[in-house]
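Please look over the sequence and the model shown here before reading on. The briefing that follows goes through selected features, grouped by topic.

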Amino acid sequence: MIHVLGIDGGGSKTVCVLMNAEGQILGRGQAGPSNYQTVGIDAAKINIISAIKQAVDQSFLALEGLVPIQGISLGLAGVGRPEDIDLIRNLIQEIQTHQELSIDWKLTPENIIINGDSVIALVGGLGHSVGIVVIAGTGSHIFGKNRQGITKRVGGWGYILGDEGSGYDIAIQGLKAALRSHDGRLEYTNLIPKFKDTLKLNSIEELIPIIYRQGWGVKKIASLAPIIDQVAAEGDSVAQNIIKNAVNELALATEVAINALFEPAESFEIVVTGGVWQGLANFRHQFEVEINAIAPWANIISPRHEPAYGAGLLALE
């Protein structure tokens, strides 16, 4: 029997699934973040080991002794350069010697697969590797692969240089719009009372000490995006324009990927993933309308599986 581990290592959590050759999940584990760029390599190692141990111990195979693992695939946030790949390969070698893992490692270099998180989001979301994934959560980017194996990445330049259409981008645009409206540089918007009510502000000017002096980070600012979405859903034109512009940016980036990877009239799937797609202001519908006008042969879907499952599928390949 073939058994593999699929690992999704992100900035907030690490998920590991133990799968057999038929793609059945035999065990699942979850631990803290493993983006080593933000938490450090030692913390990443601890959390990956913890997630693996949970997945293996949860399976019935653990009752039979050492669990044979013939492949391991990791999709990690912050991994993109050759030096990142080398670092993670060394990390896997260290993990193989860890005494707490009840695993009989049967790995070869060819059976150790290391990718960025967008690759496993694509494969997990589609259940295969041909198509496009449009990620819009705290950040945003687009990744795709065609039938010839050519890949294309668009965006993902981070919150300062990019991430258009992301939760962070929507939140920042909403905060700016509220302050511009307060100044009189923009029409009145219900974002002002909504921010005041949600953040318990006496005045919209109190955004300054919250954002600057309290040092709100990217994730905390991005958590305000649902406010803009709700106000847009209630009919506020300023908030609606922010949502529309975010949709336009994601549609433009997706169009670039489509043109780079697929021929006219070639059918393929686009999977959309991330919290932004769950909004109330018809975000996904607006995106579908724009993409259908660009590529009517594309089928837009929600994820079929989680990214860790996608990592496992890559290991089985």
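With which residue does Arg185 form a salt bridge? Arg185 pairs with Asp183, and their closest N and O atoms lie 2.9 Å apart, a salt bridge being a side-chain nitrogen of Lys or Arg within 4 Å of a carboxyl oxygen of Asp or Glu. This is a predicted model, in which local features need pLDDT of at least 70 and side-chain atom pairs count only at pLDDT 80 or more, while totals for chains, interfaces and linings use all residues. Residues are numbered from 1 along each chain as its sequence is written, and side-chain values use heavy atoms, with hydrogens and water left out.

**Salt bridges**

- The structure holds 10 salt bridges, and in the pair already named Asp183 is exposed, with a relative accessible area of 53% (buried means under 20% relative accessible area, exposed over 50%, and partly exposed in between, with a 1.4 Å probe and protein chains only).
- Another salt bridge joins Glu269 to Arg304, with 2.7 Å between the closest N and O atoms.
- This pair links distant parts of the chain, 35 residues apart, since Glu269 belongs to strand S11 (residues 268-273) and Arg304 to the loop between strand S12 (298-301) and helix H13 (307-316); helices (H or I, at least four residues) and strands (E, at least two) are DSSP runs, numbered from the N terminus.
- Glu269 counts as buried at 15% relative accessibility, whereas Arg304 counts as partly exposed at 43%.

**Helices**

- Two packed helices are described by the angle between their axes and the distance between the axes.
- The axes of helix H2 (residues 41-58) and helix H3 (residues 82-96) come within 11 Å and cross at roughly 50 degrees, where axes are lines fitted to C-alpha atoms, for helices over the stretch in contact, and angles run from 0 to 180 degrees between N-to-C directions.
- H2 and H3 are therefore oblique to each other, as angles under 35 degrees count as roughly parallel, over 145 as roughly antiparallel, 65 to 115 as roughly perpendicular and the rest as oblique.
- Helix H4 (residues 117-126) is largely enclosed by the rest of the structure, because nine of its 10 residues are buried; among them are Val119, Ile120 and Leu122.
- Just after H4, Gly127 adopts a positive phi of about 90 degrees.

**Surface patch**

- Trp157, Tyr159, Ile160 and Leu161 form a nonpolar patch on the surface, with about 560 Å² of accessible area together; patches are made of residues with over 30% relative accessible area and no salt bridge, like charges being joined within 9 Å and nonpolar side chains (Val, Leu, Ile, Met, Phe, Trp, Tyr) within 5 Å, and accessible areas come from the Shrake-Rupley method with a 1.4 Å probe, only the protein chains shown counting as cover for residues.
- Leu161 is placed in helix H5 (residues 158-161) and is exposed, with a relative accessible area of 68%.

**Positive phi in residues other than glycine**

- Asp163, although not a glycine, has a positive phi of about 65 degrees; Asp163 is placed in the loop between H5 and helix H6 (167-183) and is buried, with a relative accessible area of 10%.
- Asn282, also a residue other than glycine, has a positive phi near 60 degrees, and is found in the loop between S11 and helix H12 (283-294).
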